[in-house]
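Subject: Structure for you to look at

Dear colleague,

I am handing over the structure we spoke about, and below it you will find what came out of going through it. Please read the notes with the structure open beside you.

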Amino acid sequence: MAGLYVHIPFCARACTYCDFHFTTRLRDREDMVQALIAELRSALPAWSGQTFTTLYFGGGTPSVLRPAELSAIAAAAMEGADWALEEWTVEANPEDLDRETLDELKAAGVDRLSIGVQSFQPEVLDWMNRLHGAAGAQNAVERAAEAGFEHLSLDLIYGVPVGGEDRWEQDLGLACTLPVNHLSCYILTAEPKTLYGHQLASGTLSPPPDDRVLEEYARLCEVTKSAGFEHYEVSNFARSEGRSRHNSAYWNGTPYLGIGPGAHSFLDGRRWWNARSNARYLQAATTSDFPGQQETETLGAKNRFNEALITGLRRVEGVAPADLIQLTGLDVTAQPALQGLLDTGRCEWVDGRLRIPEAQWPLGDATTLELMV
Ligand code: SF4
């Protein structure tokens with residue numbers, strides 16, 4: 001079993017806070033589609049023993065491409081590998097989701113949309129430099145449901161430094177009333193090379209106080225729970241069997257192939273990744289020398305143990321010590337910090353599995369760090 005990720009490195013506009021790999025120069029779009037197809041044809045033969053079950057177009061903004069272009073890339077993926085397709089997700093921004101596009105995506109076989117809403121508050125959307133307005137986001141979600149998409153996910157961001165006191169409460173309330181079965185809710189972080197990072201560094205803006213961010217996290221847990229969502233991963237919530245199969249596979253340690261600039265792949269304890277450069281990627285495509293711009297690392301037992309903790313402790317299921325021993329030979333119950341973390345409630349045992357309680361997830365990274373070797 002394996003997952004396939006395709007990175008579409010284009011956005012119509014740069015958001016204030018984003019440090020993903022993308023460009024707003026769309027002139028290379030057609031060349032990029034051909035390059036992605038070329039990388040698929042070059043990479044997939046090495047995966048001949050694997051059956052792919054999930055396809056995920058992320059970015060960037062995949063909906064910047066036309067549905068026919070996404071279909072051409074998907075066709076190359078389907079032709080080159082064994083598939084038992086369970087889920088095909090496309091990330092999309094609200095302004096791209098007119099009814100014609102939705103119908104074309106549905107007809108192509110896309111069965112899940114992850115819609116980058118981020119907020120429903122005009123002031124917040126303006127600060128984020130988003131192209132869509134509040135009504136536009138809501139209308140896009142409703143149109144997608146009318147077009148027959150049963151699996152809809154919204155991205156929302158909290159802990160933002162602008163907007164009224166009740167903006168998060170309003171965002172949550174509205175999101176939970178929409179016909180979606182998945183929410184991805186992220187705390188805003190200030191990455192150094194973003195406009196938000198510069199605003200904080202230059203003092204033109206202050207971050208929201210920690211206690212406000214923690215209050216917003218607490219409300220996120222409460223409101224989503226009462227709306228029928230299961231908090232199954234630090235940032236992810238699902239109802240009506242809406243868990244993301246593709247992302248769950250990442251967190252389970254399932255192999256995945258990443259295609260496109262900056263995309264990462266993982267197979268048999270080896271990880272490799274493409275350069276975060278469209279120019280280098282397009283150049284590699286001219287000779288099909290994609291490995292020439294890749295970096296690679298082989299994960300030893302310690303790294304695999306640490307990665308299994310990082311991903312496992314982000315999930316409600318946590319980790320099973322026996323699984324970690326089988327995978328790496330290392331025993332999490334032998335870690336000196338464990339007893340202290342259990343005594344202070346930062347970790348707990350549930351049905352023989354070690355996990356971080358929901359209320360403690362905001363401190364989860366520090367907790368995991370204490371358990372790593
Ligand atoms: S948040 Fe999404 S739309 Fe905005 S710049 Fe980043 S990848 Fe592009």
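In what follows, a salt bridge is a side-chain nitrogen of Lys or Arg within 4 Å of a carboxyl oxygen of Asp or Glu. By that rule Arg243 forms a salt bridge with Glu317, whose closest N and O atoms are 2.9 Å apart. Please keep in mind throughout that this is a predicted model.

The two domains

The protein is divided into domain 1, covering 2–250, and domain 2, covering 301–371, and the C-alpha centres of these two domains lie 28 Å apart. Where they meet, 11 residues of domain 1 are in contact with 8 residues of domain 2, and the two domains bury about 860 Å² between them, with 54% of that area on carbon and sulfur atoms. Of the area that domain 1 buries against domain 2, Tyr217, Glu233 and Val234 supply 47%, which is more than any other three residues.

As for polar links, the rule finds 2 salt bridges across the interface of domain 1 and domain 2, and 6 residue pairs are in polar contact between the two domains. On the side of domain 1 that touches domain 2, the elements that give two or more residues are helix H8 (210–226) and strand E7 (230–233), and E7 gives the most, with 4 residues. That side of domain 1 has, by class, 6 nonpolar, 2 polar and 3 charged residues.

The ligand shell

Which residues are around the ligand? They are Cys11, Arg13, Cys15, Tyr17, Cys18, Phe20, Phe22, Gly60, Thr61, Asn93 and Arg130, and this shell divides into 6 nonpolar, 3 polar and 2 charged residues. Gly60, one of the residues around the ligand, lies in the loop between strand E2 (51–59) and helix H2 (67–79), and a cis peptide bond with an omega of about 20° joins Gly59 and Gly60.

Backbone and charge pairs elsewhere

Ser240 has a positive phi of about 50° although it is not a glycine, and its place is in the loop between strand E8 (236–238) and helix H9 (245–252).

Side chains of opposite charge can pair when their charged atoms come close. The structure holds 17 salt bridges, among them the one that Asp103 forms with Arg99, where the closest N and O atoms are 3.0 Å apart. Because Asp103 and Arg99 are 4 residues apart in helix H3 (residues 99–108), about one helical turn separates them.

With best regards

Note on methods: Residues are numbered from 1 along each chain as its sequence is written. This is a predicted model: local features need pLDDT of at least 70, side-chain atom pairs count only at pLDDT 80 or more; totals for chains, interfaces and linings use all residues. Side-chain values use heavy atoms; hydrogens and water are left out. Domain bounds come from an automatic or database domain assignment. Contact means heavy atoms within 4.5 Å. Buried area is the accessible area (1.4 Å probe) that two parts lose on being put together, summed over both. A polar contact is a pair of N or O atoms within 3.5 Å; within protein, one must be able to donate a hydrogen and the other to accept it, and residues adjacent in sequence count only if both atoms are side-chain atoms. Ala, Val, Leu, Ile, Met, Phe, Trp, Tyr, Cys and Pro count as nonpolar, Asp, Glu, Lys and Arg as charged, and the others, Gly among them, as polar. A residue is near a molecule or strand if one of its heavy atoms lies within 4 Å of it.
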